[in-house]
Amino acid sequence: MYIFFALLSALLLSFSDILAKYSLDKGTSNFEYIFWSHGIIYISCIIILLIYLGFRPLKLLLNKDKIKDILKIKFDNTRYAIILSGICGFLALITIIYTFTISKNIGYTVAIISTTCLFSLILSYFFLGSPIIPKGLIGILCILVGVYLIGTCGNSFPNP
């Protein structure tokens, strides 16, 4: 079942990326895009989700926690990790949107950005102790070769 949801996520992210590139190519500023798509829309969706979960808790989103416990301010390593994750995600968003602005082919750009799996594999080895098996090393090599091939396609606008 996780493969279905992973593919659905990839499809939805692809639509999001294509719509972002369309908006940026039509003159939307990077900040305007981030403000509306990840600011206003995310806040609206979170508010709707909070209201919904208040009436009908979903285990897949809450585990065994209650909304009021999740919203409490607390200072522990998990919360610090969540906050740092949000900061890293926001900085990544800014660089992704800028990259979309300066690239000719969003498909190549997204492929390079998708090296997230490569970095996640390596960083999880160091920070979480996750093992890397030989098949994983072959995958890393394939990703690096693919990124090299994509990088040599000339996927940027010439400087004026």
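Modeller: The model is predicted, so local features need pLDDT of at least 70 and side-chain atom pairs count only at pLDDT 80 or more, while totals for chains, interfaces and linings use all residues. Residues are numbered from 1 along each chain as its sequence is written, and side-chain values use heavy atoms, with hydrogens and water left out.

Biologist: How many helices and strands does the protein have?

Modeller: The protein has 8 helices and 0 strands; these are DSSP runs, helices (H or I) of at least four residues and strands (E) of at least two, numbered from the N terminus.

Biologist: What makes the protein more spread out than a compact globule?

Modeller: Its radius of gyration is 19 Å, well over the 15 Å that the globule rule gives for 160 residues, so the protein is more spread out than a compact globule. The radius is taken over C-alpha atoms, and the rule is 2.2 Å times the number of residues to the power 0.38.

Biologist: Why is the pair Lys21 and Asp25 called a salt bridge?

Modeller: The closest N and O atoms of Lys21 and Asp25 are 3.1 Å apart. A salt bridge needs a side-chain nitrogen of Lys or Arg within 4 Å of a carboxyl oxygen of Asp or Glu, so the pair qualifies. Both residues lie in helix H1 (residues 2–25), 4 residues apart.

Biologist: Is Lys21 buried or exposed?

Modeller: Lys21 has 7% relative accessibility and so counts as buried (under 20% relative accessible area; exposed is over 50%, partly exposed in between; 1.4 Å probe, protein chains only). Asp25, at 48%, therefore counts as partly exposed.
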